[in-house]
2 protein chains.
Amino acid sequence: MDVLEAILTRRSVRAFAPDPVPDELLRRVLEVGRASASGGNVQPWGFVAVRAPERLAGLRSLAPGIIGRPTAAIAICLDAARARALGGAGGERSAWLDIGVAVENILLAAHGLGLGACPIGSFHRQGVARFLGLPEGVEPVLLVALGYPRGKPAAAGRRPSGEVCFLERWGVPYG
Amino acid sequence: MDVLEAILTRRSVRAFAPDPVPDELLRRVLEVGRASASGGNVQPWGFVAVRAPERLAGLRSLAPGIIGRPTAAIAICLDAARARALGGAGGERSAWLDIGVAVENILLAAHGLGLGACPIGSFHRQGVARFLGLPEGVEPVLLVALGYPRGKPAAAGRRPSGEVCFLERWGVPYG
C-alpha cells in the first residue's frame, strides 16, 4: 500500500474478525516500532506484544477502552528513566513526541499489512504496568488493539484547512 | 512507495539540492499533517509552511539546528490552549503524542513524494513564534526542513530487538 494512501485511509478499527494475527505480521509491526526515529536517537521505549488468549482477557479486564475482541495487542511503553538519563532537559517532552512517532509507525504498518488497529488510552495504568511486569521507570502510554478488521469504520472529520494550514505566517491560509 | 518501505527507509536529510519544492507537493505534505489522527480528535496543532527565500533566511537565522539549505520548511506548532480547553486532564501530554503522530506523517509523506526532510528542535522558541506571528497559547515544537535530497544519508543504529520488543511480559524477547 502506498504510503500517502496508507496515511490518508487509516482508521481506528474497533471491530475485529476472530482470525488470529499471524506471528510473522505481529513481529513486523513490532519491528517497525523498534526502527522508529527519535530525538537524539534516544529510543525511549519498549513494546510488549500480547496475543495469548488468557493474557488478552487479562489485559481487557484492566482496559475499559478496549472495545470488541482484538486478537492481539501491543503495549507501547515510555522508558521515562532512559528519557531522563539520555535526553537531558526537556527529555521527557521529547520522549512523548517520540512515542507518538512510534505509535503512528505501528498503526500505519498494521494498516499496510491488512490489519486493523486502535490506540487506547483508557486503562488502569498501575494495573497494566504490573500485569506486563514493567520495571521501575517504565510506564504504559497506549495500548494498541490489533486484529483483522470487520467492516470499515467511518472517517472522523478534520478541522478545515484554513484553520490549521498556513503559508509564511500564522493566519495566512494555505491548502 | 510502499508504506512499510517508507517507514524503514526514511532518513533525516540535511543536504539539499537547490531545486525548489513544488507548491503542489508542499500542499500535499501539509494536508497529511492536517489529516492526522489525534486523541479525542482534538487536533491540537497548526502548520506554517515557509518557502519564500527571504523568509527561509530569516527562519535559518533563528534556528541553528537548520543545517544545509532547505528550500522549504514547515513549523509544526502545538496549540496548547486548544489542547487544554478540549483535552481535559492530561490534555497536554496527549497533545505531545498527537504532535509526534503529525510529524511522522509529514516526514513519511515527504519521503514518499521524493523529498528529503529533517525535524529540528534546536531553535529560538520565542523568536520563531514572533517570526511566524503565532497567537498566544500556540508554540512551535519542531521545524521540518524540506527539499530535494542531495546524497543518501546513512542509517542511525537502533537498540537490539531483545532490549525493546517483548512477548506477553517485559523482558521476554520477541523479534
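Good morning. Two strands are said to pair if DSSP finds at least two bridges between them. With that in place, I turn to the structure above, which is a predicted model.

I begin where a strand of chain A meets chain B. Strand β5(A) runs parallel to β1 of chain B, residues 45-50, and three bridges join the two. Within this pairing, Phe166(A) has Val48(B) as its bridge partner in β1(B).

Which order do the strands follow in the open sheet of five? The order is β3(A)-β4(A)-β2(A)-β1(A)-β5(B), and the pairing is mixed.

Next, β3(A) and its partner. Five bridges link β3(A) to β4 of chain A, residues 138-147, in the antiparallel sense. Ile120(A), for instance, has Leu143(A) as its bridge partner in β4(A). Helix α6 of chain A, residues 125-132, packs on the sheet and touches β1, β2 and β4 of chain A. The direction of the helix α6 makes about 80° with that of β4(A).

Finally, the interface as a whole. In chain A, 56 residues are in contact with 56 residues of chain B. Elements that each supply at least two residues to this side of chain A include α1 (3-9), α2 (23-34) and β5 (165-167). The largest share, 13 residues, comes from α5(A). By residue class, this side of chain A divides into 32 nonpolar, twelve polar and twelve charged residues. Thank you.

Definitions and conventions:
Residues numbered from 1 in each chain as written. Chains lettered and ligands numbered in written order. Predicted model: local features only at pLDDT ≥ 70, side-chain atom pairs only at ≥ 80, totals over all residues. Contact = placed C-beta atoms within 7 Å. Helix = DSSP H or I, 4+ residues; strand = E, 2+ residues; numbered from the N terminus. Nonpolar A, V, L, I, M, F, W, Y, C, P; charged D, E, K, R; others polar. Axes fitted to C-alpha atoms, helices over the stretch in contact; angles between N-to-C directions.
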